[in-house]
Amino acid sequence: MWSIEAVIARHEAGLGITASERERVIMEESTEAAATASGVAPVAGGAEAARAAGATMKVVVAVDASEESLQALSWALDHVVRLHPGASVVVVHAQHRVDHFAYPVAAHGLAYAPPTALDSMRRAQEENSRKAVARALDVCRQKQASATAAVVEGDPKEAICQAVEDMRADLLVLGSRGLGMVKRALLGSVSDYLAHHACCPVLIVKPPNKAHHK
């Protein structure tokens, strides 16, 4: 791997350096500097060693029906995947199980929804999942990035956390809804939960307007 000092010396010696080499050097130096700053010793050989070993980066992006999740996917494709040739992308959508839904009944408290209602809700959720995944894959096609998709069932926080572990992801990307302090305390935040419980690094992408005003 070239170091910055070696590149300068090479340039001064009149050998020159290509633009692709310069970009690779900057990326690798930045990666090692970040690793050192976080207290994690960089692996010998860095990206060169990973490529030689045939390792590829797996990026999992959690998506739903919100624009925030699609913006996070687009950002990740531009700023992460594009800089890691060969990286694999998996878009994951979580849908709630329908077998626990209940509805209020006057003077009787709560009652579970009948099977016909459950079937109807299940079909609606499956359709919503298909639409969310289709929109995400369309973003990938527009960015000329290949991707696969997976739909997991259960509480989004726990289902996505388990999916990331099962897929052995190197990075989880998700959008931020920008919940206020009160809503976050009452409803909880998927991004907060995953940031603390996911088995891999988590990248939370703020919407452009919120990112510019904070």
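**Salt bridges and the parallel sheet: reasons for the labels**

In this predicted model, the side chains of Lys 157 and Asp 155 meet in a salt bridge, with N to O at 3.7 Å.

Me: Why is the contact of Lys 157 and Asp 155 called a salt bridge?

Reply: The criterion is a side-chain nitrogen of Lys or Arg within 4 Å of a carboxyl oxygen of Asp or Glu. For Lys 157 and Asp 155 the N to O value is 3.7 Å, so the pair meets the criterion. The structure holds six salt bridges.

Me: What makes Asp 155 partly exposed?

Reply: Asp 155 has a relative accessible area of 30%. Buried requires under 20% and exposed over 50%, so a value in between is called partly exposed.

Me: How do you know that Arg 141 and Asp 138 form a salt bridge?

Reply: Their closest N and O atoms are 3.9 Å apart, and the limit is 4 Å, so the pair counts. Both residues lie in helix H5, three residues apart, about one turn of the helix.

Me: Why is Arg 141 called exposed, but Asp 138 partly exposed?

Reply: Arg 141 has a relative accessible area of 55%, and Asp 138 has 34%. Exposed means over 50%, and partly exposed lies between that and 20%, so the two residues receive these two labels.

Me: What makes the salt bridge of Arg 135 and Glu 67 a tie between separate parts of the chain?

Reply: The side chains meet at 2.6 Å, N to O. Arg 135 lies in helix H5 (residues 115-142) and Glu 67 in helix H4 (residues 67-79), so the pair ties together parts that are 68 residues apart in sequence. Arg 135, at 33%, and Glu 67, at 45%, are both partly exposed.

Me: How do you know that strands S1 and S2 pair?

Reply: Pairing requires at least two bridges, and S1 (residues 58-62) and S2 (residues 88-95) have five, so they pair. Their sense is parallel. Val 61 has Val 91 in S2 as its bridge partner.

Me: Which helices pack on the sheet, and which strands do they touch?

Reply: H4 touches S1, S2, strand S6 (171-175) and S7. Helix H6 (residues 156-167) touches S1, S2, S5 and S6. The direction of H4 makes about 140 degrees with that of S6, and the direction of H6 makes about 150 degrees with that of S2.

Me: Why are S5 and S7 called edge strands?

Reply: The open sheet has five strands in the order S5-S2-S1-S6-S7, with parallel pairing. Strand S5 (148-153) and strand S7 (202-205) each pair on one side only.

Conventions:
Residues numbered from 1 in each chain as written. Predicted model: local features only at pLDDT ≥ 70, side-chain atom pairs only at ≥ 80, totals over all residues. Heavy atoms only, no water. Helix = DSSP H or I, 4+ residues; strand = E, 2+ residues; numbered from the N terminus. Buried < 20%, exposed > 50% of the residue type's maximum accessible area, 1.4 Å probe, protein only. Contact = heavy atoms within 4.5 Å. Axes fitted to C-alpha atoms, helices over the stretch in contact; angles between N-to-C directions.
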